[in-house]
Amino acid sequence: MKISAYFYIILLVCLTACQEQTKPTPQVNKPNIIIFYADDMGFGDLAIQNPQSKIPTPNLDQLAKEGLLMTEAHSSSGVCTPSRYALLSGRYHWRDFNDIVHAMGESVFKENQVTLPRILNTNGYHTAAIGKWHLGWNWEAIRKKDFTQKVKAKHGKKEIEIWPAQAYDWDKSIPNGPLSIGFDSYFGDGTINFPPYTWIENDKVTEAPTLTLQHPKEDFALEGNWELRPGPAVKDWDFYKILPTVTRKAVTFIKNQEQAKEPFFLYMAFPSPHAPIIPNEEFRGKSNAGPYGDFVFQTDDAVGQILEALKAINADENTIVIFTSDNGSEHYAYSRIKNYDHDSSHPFRGVKRDVYEGGHHVPFIVKWPNHIKPGTKSNQLFSQIDLLNTLASITNSDLPKGFQHDSFNFSNVWLTNTDEPVRETIVHNTWASKYAIRKGDWLYINNKDGYHTRIPKWFEEGQRFKTAKDTVQLFNLKDDIGQNTNLASQFPEKVKELAAALGNEQEKETFEN
């Protein structure tokens with residue numbers, strides 16, 4: 001009996017050991033991902049990187065304290081659509097187009113194009129887009145072809161012809177929207193100042209437009225102009241409800257992930273602080289930079305609400321949170337310098353649309369607890385197009401074989417804060433006629449003028465910049481971050497070197513999928 005007992009004990013130990021050896025190694029859970037994408041928020045608006053800012057941004061400041069602040073981050077363009085395309089595709093926008101998608105415009109994506117949401121979706125992520133889209137839909141697919149009568153509408157001082165609300169079959173699904181590039185779901189108004197003025201859920205409107213909105217008669221924008229394009233709208237569409245509504249939708253989305261088995265990717269594209277500048281009543285007077293400052297403060301509050309929802313489901317420890325903006329602040333930024341002593345572009349030259357730094361040098365914060373060291377900064381040259389490669393690497397997501405793109409992998413910078421350079425150059429562009437290239441401390445612009453946005457006369461008369469004499473521009477940003485002094489005539493060899501580098505980049509073609 002003793003021998004038998006010993007035998008069974010030894011057998012049990014062996015079996016247990018074998019089970020331990022064959023037990024699969026537990027895998028670290030894939031991190032959730034949230035990208036907060038502000039609309040027209042300038043580098044100088046964030047208090048944590050501009051001590052002179054007149055706008056409190058407590059949630060974003062705290063996010064930076066808990067994560068990594070990248071001080072040399074850039075959007076691909078100085079305007080909305082191209083920057084969004086570049087972020088989601090990992091590809092310089094100017095290889096394909098320069099302009100924005102105009103009212104009721106087509107999608108900018110090619111069929112089956114490689115995108116960040118598609119890559120993550122293939123890797124088991126639940127992908128959602130909430131808020132601003134501005135990348136186009138195939139509206140022609142739902143237009144009634146037997147409806148032939150356009151209507152006249154005012155767009156600024158011009159009179160244009162557009163299709164009225166009755167020209168569309170709003171019961172149909174709208175192709176080539178967010179769902180076509182890898183998002184599982186979408187909710188938003190498309191673009192705050194572009195038609196149709198109604199909510200869109202996934203690929204259908206939630207309420208059919210019945211009238212043509214030309215200009216609101218009441219509740220004018222609190223700063224600047226409405227910037228609205230005429231087009232189909234639902235009755236009593238309330239622009240002031242847009243930011244609160246998409247914020248609530250994002251909070252609900254996060255809460256619904258509490259029991260989810262797969263990780264999520266949320267692309268939260270705010271409609272703010274883009275014009276129309278319309279902070280809700282409870283946020284008015286919360287800044288010292290006028291209604292725009294209050295709108296930035298409300299955007300900061302929206303970020304805080306969504307992050308609180310993340311904590312409520314105990315998901316904040318395993319979520320990569322990114323905050324950035326699609327381009328610099330709108331031209332109303334000049335008036336704020338005069339009226340409130342607040343410079344949204346500080347310390348840079350230029351604003352939205354410009355190829356100067358103020359047009360595309362944007363805030364960028366990334367937080368990932370226990371992976372990214374809190375309170376760190378990086379001055380590595382970084383572009384939003386690098387998000388695709390970086391996040392694919394961190395999540396072990398496969399890129400299609402043979403896929404080539406402009407995106408660089410910054411995972412090592414994020415996780416170790418290394419100073420080892422990843423990018424050697426970066427190309428800046430808004431419109432087809434003007435390009436800039438950055439290499440190290442040097443920046444070259446292939447034009448004597450880096451502006452696109454008109455400068456107010458009062459600012460022009462007292463500005464610090466000398467009138468351009470050379471046909472091109474060269475700046476050393478280490479010594480001259482405000483791009484005050486054109487050095488092109490002093491360093492002709494550097495001009496030649498960077499002009500050649502720009503030409504080489506422009507000649508490359510990386511679109512193989």
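Which side chains does a polar contact of 2.9 Å join? The side chains are those of N429 and N98, where a polar contact is a pair of N or O atoms within 3.5 Å, and within protein one must be able to donate a hydrogen and the other to accept it, while residues adjacent in sequence count only if both atoms are side-chain atoms. This is a predicted model, in which local features need pLDDT of at least 70 and side-chain atom pairs count only at pLDDT 80 or more, whereas totals for chains, interfaces and linings use all residues. Residues are numbered from 1 along each chain as its sequence is written, and side-chain values use heavy atoms, with hydrogens and water left out.

- N429 belongs to strand β17 (residues 425-429); helices (H or I, at least four residues) and strands (E, at least two) are DSSP runs, numbered from the N terminus.
- N429 is buried, with a relative accessible area of 2%, and buried means under 20% relative accessible area, exposed means over 50%, and partly exposed lies in between (1.4 Å probe, protein chains only).
- If neighbours within four places in sequence are left aside, N429 is in contact with S76, S77, G78, H93, W94, N98, V355, K434 and Y435, contact being heavy atoms within 4.5 Å.

**Helix α3**

- Helix α3 (residues 80-89) is mostly covered, since ten of its ten residues are buried, and among them are C80, R84, Y85 and L88.
- The elements that cover the buried residues of α3 include β1, α4 (116-122), β4 (126-132), β12 and α8 (386-394).
- Just after α3 comes G90, which takes a positive phi of about 70°.

**Strands β19 and β20**

- Strand β19 (residues 442-445) and β20 run antiparallel and are joined by four bridges; two strands pair if DSSP finds at least two bridges between them.
- Within this pair, L443 stands opposite F475 in β20.
- In a regular strand the side chains alternate between the two faces of the sheet.
- Strand β20 (residues 473-476) is covered on both faces, with Q473 and F475 buried on one side and L474 and N476 buried on the other.

**Backbone features in the loops**

- Most residues other than glycine have a negative phi, and most peptide bonds are trans.
- S272 and P273 are joined by a cis peptide bond with omega about 0°, and P273 is found in the loop between β12 (264-269) and α6 (290-312).
- A cis peptide bond also runs from A275 to P276, with omega near 5°, and P276 lies in the loop between β12 and α6.
- D40, in the loop between β1 (32-38) and α2 (58-65), is a residue other than glycine with a positive phi near 70°, and D40 is buried at a relative accessible area of 1%.
- E227, in the loop between β10 (211-213) and β11 (231-233), has a positive phi near 65°, and at 25% relative accessibility E227 counts as partly exposed.

**Pocket and cavities**

- On a 1 Å grid over the protein atoms alone, a cavity is a set of points where a 1.4 Å probe fits but cannot get out, and a pocket is an open set with protein on both sides within 12 Å along at least five of seven lines, while lining residues have an atom within 4 Å of a point.
- The largest pocket has a volume of about 760 Å³, where grid points are joined across faces, edges and corners and a volume is the space filled by probe spheres set on the points.
- Of the 27 residues that line this largest pocket, H155, N193, E227, R229 and R353 are the closest to its centre.
- The count comes to two cavities of 30 Å³ or more, and the largest cavity holds about 110 Å³ of space.
- The largest cavity is lined by 15 residues, of which M104, W137, W139, T191 and P195 lie nearest its centre.
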